[in-house]
Amino acid sequence: MSGIAGINQPGEKIAVKKMLERISYRGNAGRDIRENGNSTLGIVCAEAQTDSLVRMRQKNEVEDGADAGHFALVKASKDGMILKRDPLGVAPLYYGENEEGAICFASEVKALIGLCSEVKSVPPGCKSDGEQVESYFQLKNKELLTSDPEIVTKKLRQLLKRSIEKLITQGDMIGSWLSGGLDSSTLAALASPFVEKIYTFSAGLEGSPDLEYARQVAGFINSKHHEVLVEFSDLLEVLPEVIFHLESFDAHLVRSSIMNFLVAKRTSEYVDEVLSGEGGDELFAGYHYLKTLERKNLPGELIDITKRLHNTALQRVDRSASAHGIVAHVCFLDPEVVNYALRIPPELKLHNNVGKWVLREAMDGELPEAILNRKKVKFWKGTGLGEMMSDYANQTITDNDFKLEHKLKNGWTINSKEELMYYRIFEEYFGELEDLSWMGRTKVVASMH
């Protein structure tokens with residue numbers, strides 16, 4: 001994803017250049033800094049987003065825009081700046097005030113630390129002038145479809161295909177992260193006919209379920225498949241880099257990001273754009289705990305967990321991709337797909353106690369039976385990581401150290417020794433920040449996997 005930064009003051013090219021240097025890895029295909037009468041804007045472009053340079057020069061605005069409905073946009077005018085973020089928060093956008101009271105913004109927090117005493121995140125579906133935040137989109141329940149299940153599954157497949165087809169600009173190749181789960185396999189299978197060559201990428205410890213299932217899918221769709229075989233020592237070695245890019249110490253988020261980071265690195269050696277399956281579990285009821293809810297409460301819970309994606313799973317995707325200068329597309333969160341998914345009755349999402357039933361039906365014949373029937377597993381379990389990080393932290397951090405360190409300056413509580421291990425690394429990079437209001441924390445639900 002591209003990186004954007006700027007200050008609502010003229011004559012700030014040196015400061016904006018420094019901001020961009022801190023996030024320069026987000027774009028290696030172009031860079032520009034522009035001044036107008038009242039502001040200084042800057043951008044570093046990823047290969048797949050170079051049209052943003054033209055837009056900046058013509059319209060005096062900067063955008064990190066992966067595809068329709070997924071963007072962070074800042075427009076400067078004589079009256080100030082307007083910061084706008086896409087409806088679900090796929091693209092990140094942060095802001096704050098410098099010592100002189102001017103609004104500063106950036107794609108990542110590290111570009112603002114030291115410049116702004118307080119950093120805020122532009123909420124999904126909102127725009128702001130740096131002072132007032134205004135909502136322009138709300139994710140909410142919609143009138144449910146009464147169509148025959150066969151019609152619903154056919155329409156869903158069509159919309160997913162369209163969400164992928166819209167991305168294929170070169171027509172020759174694209175990448176797809178492939179865990180061998182239903183969501184990532186769906187996107188890889190549906191993308192395959194649109195390109196001459198599809199590259200798939202999976203990561204895991206030797207013998208892990210994800211590697212085995214991903215091989216099946218890759219063989220089925222005839223992709224150019226690449227595996228990142230990982231040992232536990234590799235994970236410990238890359239952990240500081242992951243936390244630096246992720247800008248989080250949330251245990252669930254960090255744990256699920258390590259493999260994603262490594263697979264993104266391999267991806268960048270072959271393609272500039274990659275498909276990622278985020279959103280499938282949230283829109284179509286993939287988590288086990290959802291089966292315990294009363295059916296009438298399911299739509300509301302799905303909306304709640306979809307709203308939380310922006311600073312958890314979507315942050316993982318953005319930072320893993322951006323760290324290596326590539327663009328990740330989350331096709332399940334295409335506006336048309338989301339709009340249709342919210343109208344699908346809950347009994348088609350959870351049918352006969354089978355989660356994501358409607359998606360499985362939609363992909364019948366497009367994927368091997370073993371993939372269609374594969375049960376949801378936690379991201380880190382499928383890769384073979386399991387509780388290794390937690391066990392390692394429990395062995396290396398004493399009870400006394402945890403007792404002394406588990407309360408942070410801002411009042412937050414570190415939840416486990418694993419999280420403390422991550423926080424220590426985070427603090428080395430970013431210091432002991434009193435303001436962490438911009439950071440997301442995973443919603444912990446019993447049996448949420």
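1. Five strands make up an open sheet with antiparallel pairing, in the order E4-E5-E6-E10-E11. Strands (E, at least two residues) and helices (H or I, at least four) are DSSP runs numbered from the N terminus, and two strands pair if DSSP finds at least two bridges between them. The edges are strand E4 (61-67) and strand E11 (133-135), each of which pairs on one side only. On average, neighbouring strands of this sheet are turned by 15° against each other, direction ignored.

2. On the basis of the note: this is a predicted model, in which local features need pLDDT of at least 70 and side-chain atom pairs count only at pLDDT 80 or more, while totals for chains, interfaces and linings use all residues. Residues are numbered from 1 along each chain as its sequence is written, and side-chain values use heavy atoms, with hydrogens and water left out.

3. Leu 83 has Ser 128 as its bridge partner in E10. H2 packs on this sheet, touching E4 and strand E5 (70-77), and its direction makes about 150° with that of E4. Contact here means heavy atoms within 4.5 Å; axes are lines fitted to C-alpha atoms, for helices over the stretch in contact, and angles run from 0 to 180 degrees between N-to-C directions.

4. A further open sheet has six strands in the order E2-E3-E1-E8-E7-E9, again with antiparallel pairing. Its edge strands, strand E2 (30-35) and strand E9 (120-121), each pair on one side only. Helix H2 (residues 51-59) packs on this sheet as well, where it touches E2 and E3 and makes about 10° with the direction of E2. Helix H1 (residues 13-22) lies across E1, E2, strand E3 (40-45) and E8, and runs at about 155° to E1.

5. Buried means under 20% relative accessible area, exposed over 50% and partly exposed in between (1.4 Å probe, protein chains only). Gly 6 stands opposite Phe 105, and Ile 7 has Cys 104 as its bridge partner.

6. Strand E7 (residues 94-97) also runs antiparallel to E8, joined to it by four bridges. Tyr 94 stands opposite Ala 106 in E8. The hairpin of E7 and E8 has five residues between the strands, and Gly 101 there takes a positive phi near 85°.

7. Helix H4 (residues 182-191) is mostly covered, with 10 of its 10 residues buried. Among them are Asp 183, Ser 184, Ser 185 and Thr 186, a point to look at when viewing the model.

8. How do helices H6 and H7 cross? The axes of H6 (residues 232-246) and H7 (residues 251-267) come within 9 Å and cross at roughly 105°. The two helices are therefore roughly perpendicular to each other; angles of 65 to 115 degrees count as such, those under 35 as roughly parallel, those over 145 as roughly antiparallel and the rest as oblique. Residues in the contact include Leu 235, Val 238, Leu 239 and Glu 241 of H6 and Leu 253, Val 254, Ser 257 and Phe 261 of H7. By class, this contact has 12 nonpolar, two polar and one charged residues, where Ala, Val, Leu, Ile, Met, Phe, Trp, Tyr, Cys and Pro count as nonpolar, Asp, Glu, Lys and Arg as charged, and the others, Gly among them, as polar.

9. The whole structure holds 15 aromatic pairs. Rings of Phe, Tyr and Trp (its six-membered ring) pair if their centres lie within 6.5 Å; planes under 30 degrees apart count as stacked, over 60 as edge-to-face and the rest as tilted. Tyr 199 and Phe 201 are stacked, at 6.5 Å centre to centre and 15° between the planes. The centres of Phe 201 and Tyr 270 are 5.9 Å apart and their planes at 45°, so this pair is tilted. Phe 201 lies in strand E13 (residues 197-205) and Tyr 270 in the loop between H7 and strand E15 (273-275), 69 residues apart. Phe 201 counts as buried at 1% relative accessibility, whereas Tyr 270, at 32%, counts as partly exposed.
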